[in-house]
Amino acid sequence: MGLRDNKLRRSTLQAQSKSKSGENQPTADEQLTRLEDDIRRLRVEFDIFFNGGAKRPPYDTKGRVETLLKRLGDDRTLNYAQRYRYNSLAARYNAFRDLWRRTMQGREEGRDAISAARAIAKNETVQKPVESASFVCLDAHRDVEVVKHIYTTLIEAKRRCGEPTEDLSFPKFHRLIASKADGMKQQLGCDRVRFSVAVEGGHVSFKARAEE
């Protein structure tokens, strides 16, 4: 009887341990948000270094960013929106990394590092080809996560193209999306609406169409 109780207790403790480890595992969206924050922090730390405020480059933060980039790059469970966000962050980091490398090289060759650091600060929205993305929305009022992905993609594309985003808050965007979807469903008799974000002629194109 005691042996069976010990086995049962051991099994219970193992199950609890697995459950706790799963709860502590960050989601893909949380890791992407952390990656975005770390890239922003790394840019600031490099600016401080290039302006003489630190004695050594922030290689620790750089290593952490590259480790997270590799981990997310190898994650086959990312959905389309998460993969798009990851690619955008990776492109931003690669652009910064090239600028930092050129700035470091300029330092070694005796060129003006301060001017190069200012160039980094002006290149946060580096012009890179923006991939088109589309999202199907069944109920824009309730599908908040889908609407958030649409919003994130649209804002990122606008920033890349140098278009203003200050007047487009998420609550305002959510209301616009829901109203647009409701109108199309009523007018066209469709069940779902597909929203797409693309760049055409250097400008952001945001469209909606009925989805059968």
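## Contact range and overall fold

Among contacts in the chain (heavy atoms within 4.5 Å) between residues at least 6 apart in sequence, 62% join residues at least 24 apart. The model is predicted, with local features requiring pLDDT of at least 70 and side-chain atom pairs pLDDT 80 or more, while totals for chains, interfaces and linings use all residues. Residues are numbered from 1 along each chain as its sequence is written, and side-chain values use heavy atoms, leaving out hydrogens and water.

The chain holds 7 helices and 3 strands, which are DSSP runs numbered from the N terminus (helices: H or I, at least four residues; strands: E, at least two). Their order along the sequence is α-α-α-α-α-β-α-α-β-β. Of the 212 residues, 36% count as buried, that is, under 20% relative accessible area with a 1.4 Å probe, protein chains only.

## Packing of α6 and α7

Helix α6 (residues 144-160) packs on helix α7 (residues 170-188) at an angle of about 115°, the axes lying 10 Å apart. Axes are lines fitted to C-alpha atoms over the stretch in contact, and angles run from 0 to 180 degrees between N-to-C directions. The two helices are therefore roughly perpendicular (65 to 115 degrees).

The contact involves V144, V147, K148, I150, Y151 and L154 of α6, together with F170, F173, H174 and I177 of α7.

H174 lies in helix α7 and is buried, with a relative accessible area of 16%. Its side chain reaches the backbone oxygen of A140 at 2.7 Å. Leaving aside residues up to four places away in sequence, H174 touches A140, H141, V144 and V147.

Key
Angles under 35 degrees count as roughly parallel, over 145 as roughly antiparallel, 65 to 115 as roughly perpendicular and the rest as oblique. Buried means under 20% relative accessible area, exposed over 50%, partly exposed in between (1.4 Å probe, protein chains only). A polar contact is a pair of N or O atoms within 3.5 Å; within protein, one must be able to donate a hydrogen and the other to accept it, and residues adjacent in sequence count only if both atoms are side-chain atoms.
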